[in-house]
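I wanted to look up the overall fold first and then a single residue, and I kept the entries in that order.

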Amino acid sequence: MSWSARGFGVSRYWEIGIGLLPDWRGRGIGWRAQAMLCDYLFTHTPVERIEAATHPENIAEQKSLEKAGFTLEGVLRAVEFRAGQWRDGWMYSRLRSDPYPLNP
């Protein structure tokens, strides 16, 4: 799990990321960790926004982010050069005012 501060001008927000070993995937650990990290960051910092990006083909991460309370905002076109071609990314965010996810 990682997080780093980002911002536009004087406004700051957090960008989070997660990686799980294959043996630990599909157990509900990822979305719970993401939800708990968001709770921690909203409690201990004044930011209004936390964001996370994923690849369009990463269905498991999309479900995890949505379960952790994130909302799909849109497509970042040609944001990454990987495997010999430019690839899109999907941007998700969770705002301080968004509903709390169930059963974290």
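My entries on the whole chain come first, followed by those on one residue.

**Basis.** I worked from a predicted model, in which local features need pLDDT of at least 70 and side-chain atom pairs count only at pLDDT 80 or more, while totals for chains, interfaces and linings use all residues. I numbered residues from 1 along each chain as its sequence is written, and side-chain values use heavy atoms, with hydrogens and water left out.

**Fold.** I found 2 helices and 5 strands in the chain, running β-β-α-β-α-β-β from the N terminus; helices (H or I, at least four residues) and strands (E, at least two) are DSSP runs, numbered from the N terminus.

**Dimensions.** I noted that the C-alpha atoms fill a box of roughly 40 × 40 × 20 Å along the principal axes.

I read 31% of the 104 residues as buried, where buried means under 20% relative accessible area with a 1.4 Å probe, protein chains only. Of the contacts (heavy atoms within 4.5 Å) between residues at least 6 apart in sequence, 56% join residues at least 24 apart.

**Charge.** I recorded 13 positive and 12 negative side chains, with Lys and Arg taken as positive, Asp and Glu as negative, and His and the chain ends not counted.

**Thr54.** I located Thr54 in strand E3, residues 49–54, and Thr54 counts as buried because its relative accessibility is 8%. Leaving out residues up to four places away in sequence, I listed Glu61, Gln62, Leu65, Gly89, Trp90 and Tyr92 as the residues that Thr54 touches.

Key
Buried means under 20% relative accessible area, exposed over 50%, partly exposed in between (1.4 Å probe, protein chains only). The place of a charge is taken as NZ of Lys, CZ of Arg, CG of Asp or CD of Glu.
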